[in-house]
Amino acid sequence: MIDTPTRAALNLGGRRLSYLDFGGTGRPLIALHGHLSEAATFAPLAQALDPSWRLIAPDQRGQGESDRADDYSREGYLADIQALFDHMGLDRAVVLGHSLGAINAYQFAARHPERVSALINTEGAAALGLDGSNPFDFLRDLPYEAPTRDALIEGMGPAAPYFSDRLRQNPDGSWRLPFHPQDMYQSEEQVHGDHWNDWTATTCPALLLRGTKGVIAPEQATAMAERRPGTRLVEFDADHFIPTSAPDEFADAVRTFLATL
């Protein structure tokens with residue numbers, strides 16, 4: 001049984017990158033969350049994989065307990081992952097990601113194949129946003145902080161139920177979101193693109209998890225499995241947020257895949 005995970009941080013040029021280490025003596029698994037989320041979302045998975053796997057999950061830049069960054073570029077995210085590997089003394093590890101985190105995972109593997117022993121891609125498309133639309137338009141009207149928690153919740157309007165349980169209190173007593181809305185809008189803009197070359201750049205074992213109500217079109221998911229050797233596709237009757245909307249099925253699929261490594 002996993003005890004309370006350890007919260008620690010890296011100092012990257014004065015910017016704090018926070019992470020949770022769920023501990024144990026198992027093999028290392030780096031887990032990367034998606035936009036508008038944080039490392040704690042992987043707590044049920046860490047419990048399900050214990051004791052065979054030691055799950056380490058960062059709050060990616062600008063989210064959770066990690067500081068805001070000057071940019072949300074592809075290379076910026078990948079540099080954070082490399083810094084975490086180095087900080088933890090990991091030569092190689094399995095890397096799992098959801099959405100933004102999944103794209104970060106397979107792009108990191110494309111640039112550092114010697115450090116990734118296997119990939120678990122949950123709802124990370126090989127090409128997305130090519131029509132120019134940004135699903136985070138709604139964020140642009142959200143307040144980042146307010147003098148009181150109630151005022152911040154009221155200011156969020158219809159979005160409040162999605163984030164009200166994760167608000168942070170500032171040292172001066174005011175309250176803020178666990179991300180800056182404008183940061184996440186820009187991050188979403190910069191994750192869009194055709195990433196097929198990165199997805200097909202590696203041949204380590206890979207698990208591709210797709211929700212039938214998610215963001216990856218069925219024909220793209222099939223092509224992702226067919227065009228990348230060593231990739232297994234598993235589909236769920238679930239939305240984009242598989243780790244939280246289908247946690248048991250998610251954990252079972254991940255555990256089954258990891259047992260083959």
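1. Three strands make up an open sheet, in the order 8-10-9, with antiparallel pairing. Its edge strands are strand 8 (145–146) and strand 9 (168–169), each pairing on one side only. Strands here are DSSP runs of E with at least two residues, helices are runs of H or I with at least four, and both are numbered from the N terminus. Two strands count as paired if DSSP finds at least two bridges between them.

2. A word on the source. This is a predicted model, with residues numbered from 1 along each chain as its sequence is written. Local features need pLDDT of at least 70, side-chain atom pairs count only at pLDDT 80 or more, totals for chains, interfaces and linings use all residues, and side-chain values use heavy atoms, with hydrogens and water left out.

3. Strand 8 and strand 10 (residues 175–176) run antiparallel and are joined by two bridges. Glu 145 has Arg 176 in strand 10 as its bridge partner.

4. The loop between strand 9 and strand 10 holds Ser 174. Is Ser 174 buried or exposed? Ser 174 counts as buried because its relative accessibility is 12%; buried means under 20% relative accessible area, exposed over 50%, and partly exposed in between, with a 1.4 Å probe and protein chains only. The side chains of Ser 174 and Asp 172 are joined by a polar contact of 2.6 Å. Such a contact is a pair of N or O atoms within 3.5 Å; within protein, one must be able to donate a hydrogen and the other to accept it, and residues adjacent in sequence count only if both atoms are side-chain atoms.

5. A parallel pair comes next. Strand 12 (residues 206–213) and strand 13 (residues 231–239) pair in the parallel sense over seven bridges. From strand 12 the chain passes through helix 8 (residues 218–227) to strand 13, a right-handed β-α-β crossover. Right-handed means that, with the strands pointing away from the viewer, the path from the first strand over the helix to the second runs clockwise. Leu 207 is opposite Arg 232 in strand 13.

6. The largest pocket holds about 920 Å³ of space. Its lining has 35 residues, and the closest to its centre are His 35, His 98, Phe 136, His 240 and Phe 241. The elements giving two or more residues to this lining include helix 3 (100–111) and helix 6 (181–191). On a 1 Å grid over the protein atoms alone, a pocket is an open set of points with protein on both sides within 12 Å along at least five of seven lines, a cavity is a set where a 1.4 Å probe fits but cannot get out, and lining residues have an atom within 4 Å of a point. Grid points are joined across faces, edges and corners, and a volume is the space filled by probe spheres set on the points.

7. One cavity of 30 Å³ or more is counted. The largest cavity has a volume of about 50 Å³. Helix 2 (residues 74–88) gives the most to its lining, with four residues. Among the lining residues are Leu 17, Asp 59 and Tyr 77.

8. Some backbone angles deserve a look. Most residues other than glycine have a negative phi, and most peptide bonds are trans. Asp 50 and Pro 51 are joined by a cis peptide bond, with omega about 5°. Leu 36 has a positive phi, near 65°, and is buried at 14% relative accessible area. Ser 99 has a positive phi of about 60° and is buried at 16%.
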